[in-house]
Amino acid sequence: MAGGSRTERPGARPSPAKAGGRAVAPDGYLGWPQIVRLGLVQTALGSVVVLMTATLNRVMVVELALPAIVPGLLVALHYAVQVLRPRWGYGSDRSGRRTPWIVGGMVALCLGGFGAACGTALAAENLALGLALAALSFLCVGMGVGAAGTSLLVLLSGGVAPARRGAAATIVWVMMIVGFAVTAPLAGHFLDPFSGLRLVAVSGTVSLVAFCVAALAVAGIERRLPVRAPEPAEARRPFFTVLAQVLADPVARTFTIFVFVSMLAYSAQELILEPYAGLVFAMSPGATTKLAGLQHGGVLAGMLLVAGVTLAARGTALASLRLWIGIGCAGSAAALFALASGVAAGSDFPLRATVFALGVANGAYAVAAIGSMMALAGRGDARERGTRMGVWGAAQGVAFGAGGFLGAAAVDAVRLVTAEPVQAYAAVFAAEGVLFLVAVVLAARLEPAPAPDSVPLDPAFSAR
């Protein structure tokens, strides 16, 4: 949100200010402690999701000896239901509050996570009933992620000062990764020796703790911000009318296409980088796993780089998130083209440096794109902010779910027409690079977000 009407609270600090040598949040915006608290919601969300996409996947394939396509389809359900994100955003727009949607989404997510574990354990005794419960639970997870994640980003978009959006995006993204990193090894420790009962107990504990953390993290934060009174029933427009209006905005439409194209390229490398390193450079499974870790380290470095530069360079061209989107996408394309050429270079190719560079560029692009998403959500009628964020979240979720599958499928397809399997990987890396270049062109067409329209504030805010 680039601006808008805000009320002056009695005794509020001037904007901007310094207190005791440290930066104070501009009046009417969230400070760093509140931003970190909202990041804890992402940590909680990530802790449940990692059990769904990693632990349950392994249990189904190894312990239950099910085909890999079974957990693959269940994860696809979780991504497919992301198309409902605009509807969840629309609902929070109509109510005038985001917190109930965040908490409600976490309820659905945590119940879904627990239910999926129960379904997986049940599948050992009754396969059909267990998989049916798991499928329903994965749908709940997808809906919970969509409702909580969309409303959280909308709350941040209106509550974070423009100069801090890049850093705020880094915080919430990194804290989600923390949820992955902390939960996976802890859950693994308590799952041994494995049994269905242990799986249910560990999943239930993680879900309960995640919900409590998220509920406490978001409690009271929205009261710190100017809030809009719920829209009168007689003035409410149907969902599809609002959705059509959002998509009629050229900038919103262009950004939707940009998010889809760039996330498709971003996620398509997920399932093919390690096989490529094994085939072309004869790396062991342990070495390719370390290579993937190096890439994730690069992603984190890229995020921190953008957050630091945009904060330090406020008021200069280097603070432009659109600039960093272009740099990140162009850098990602260059690294992917380099990986494609690694087939010809052979053992002399600097694989580790290239993969790290790819991670840095990916991280720079990702955090700048999320920051821009926060800014552009406030473009136009602020009563559409949740619907706008939902449209972009849906594009991101669907593209991420499709990218991994299409990347792997494209490799298999190209291998049918080429004698050298490694050439298939090179072709797919090159195609991903082209997609990132298309994303650069799309990002260049985006306008800086203007100040949103003034909206009526809840009269109760002045008494808070």
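In which helix is the place of Thr256? Thr256 sits in helix α9, which covers residues 250-268, and the legends below describe this and other close-up views of a predicted model.

**View 1. The whole protein chain, as a setting for the close-up views.** The predicted model shows a protein chain with 15 helices and two strands. Of the 464 residues in the protein chain, 51% are buried, and the chain exposes about 19200 Å², of which carbon and sulfur atoms supply 69%. When contacts between residues at least 6 apart in sequence are considered, 82% of them join residues at least 24 apart.

View 2. Thr256, which belongs to helix α9, counts as buried because its relative accessible area is 16%, below the 20% under which a residue is called buried. Once neighbours within four places in sequence are left aside, Thr256 is in contact with Leu247, Val391, Trp392 and Ala395. One of these residues, Trp392, is also among the residues with the most contacts inside the largest nonpolar core.

**View 3. The largest nonpolar core and Leu351.** The largest nonpolar core of the model has 116 residues, and those with the most contacts inside it are Phe258, Leu339, Leu351, Tyr365, Trp392 and Phe429. Helix α13 (residues 351-377) gives the largest share of this core, namely 14 residues. Leu351 is in contact with Tyr276, Ala277, Phe281, Met283, Leu291 and Leu339, if its neighbours within four places in sequence are left aside. As a general background to this view, nonpolar side chains in soluble globular proteins tend to be buried together.

**View 4. Leu38 in helix α1.** Leu38, a residue of helix α1, has a relative accessibility of 0% and therefore counts as buried. Not counting residues up to four places away in sequence, Leu38 touches Leu30, Leu152, Leu155, Leu156, Val218 and Ile221. Leu38 and Ile171 are 133 residues apart in sequence, while their C-alpha atoms are 9.2 Å apart in space.

**View 5. Helix α7 and the helices against which it packs.** Helix α7, made of the 23 residues 196-218, reaches 33 Å from its first C-alpha to its last, which is close to the 33 Å expected at 1.5 Å a residue. The buried residues of α7 include Leu199, Val200, Val202, Ser203 and Val206, and also Ala210, Ala214 and Val218. These buried residues pack against α1 (32-63), α4 (99-123) and α6 (165-191). Helix α7 is followed by Gly220, whose phi is positive, near 80 degrees.

**View 6. Helix α11 and its buried residues.** The 28 residues of helix α11 (residues 285-312) should span 40 Å at 1.5 Å a residue, and the end C-alpha atoms of this helix are 41 Å apart, which agrees. Among the residues of α11 that are buried are Thr288, Leu291, Ala292, Gln295, Gly298, Val299 and Gly302, together with Met303, Val306, Ala307 and Thr310. The buried residues of α11 pack against α6, α9, α10 (273-281), α12 (321-345) and α13.

**View 7. Salt bridges around Arg388.** The structure holds five salt bridges, and Arg237, Asp249, Glu384 and Arg388 are linked in a network of such pairs. The side chains of Arg388 and Asp249 meet in a salt bridge with an N to O distance of 3.2 Å. Arg388 lies in helix α14 (residues 385-415) and Asp249 in the loop between α8 (239-248) and α9, so the pair ties together parts that are 139 residues apart in sequence. Arg388 also meets Glu384 in a salt bridge, at 3.4 Å from N to O. Both Arg388 and Asp249 are buried, and Glu384 is buried as well.

**View 8. The salt bridge between Glu63 and Arg58.** Glu63 forms a salt bridge with Arg58, in which the closest N and O atoms are 3.0 Å apart. Glu63 is partly exposed, with a relative accessible area of 34%, and Arg58, at 46% relative accessibility, also counts as partly exposed.

**View 9. A nonpolar patch on the surface.** Val83, Leu84, Phe260 and Val398 form a nonpolar patch on the surface, with about 290 Å² of accessible area together. Leu84 has its place in the loop between α2 (69-80) and α3 (85-95), and this residue counts as partly exposed because its relative accessibility is 33%.

Technical notes:
Residues are numbered from 1 along each chain as its sequence is written. This is a predicted model: local features need pLDDT of at least 70, side-chain atom pairs count only at pLDDT 80 or more; totals for chains, interfaces and linings use all residues. Side-chain values use heavy atoms; hydrogens and water are left out. Patches are made of residues with over 30% relative accessible area and no salt bridge: like charges are joined within 9 Å, nonpolar side chains (Val, Leu, Ile, Met, Phe, Trp, Tyr) within 5 Å. Accessible areas come from the Shrake-Rupley method with a 1.4 Å probe; for residues, only the protein chains shown count as cover. A salt bridge is a side-chain nitrogen of Lys or Arg within 4 Å of a carboxyl oxygen of Asp or Glu. Helices (H or I, at least four residues) and strands (E, at least two) are DSSP runs, numbered from the N terminus. Buried means under 20% relative accessible area, exposed over 50%, partly exposed in between (1.4 Å probe, protein chains only). Contact means heavy atoms within 4.5 Å. The expected span of a helix is 1.5 Å times one less than its number of residues. A nonpolar core is a set of buried Ala, Val, Leu, Ile, Met, Phe, Trp, Tyr and Cys residues joined through side-chain atoms within 4.5 Å.
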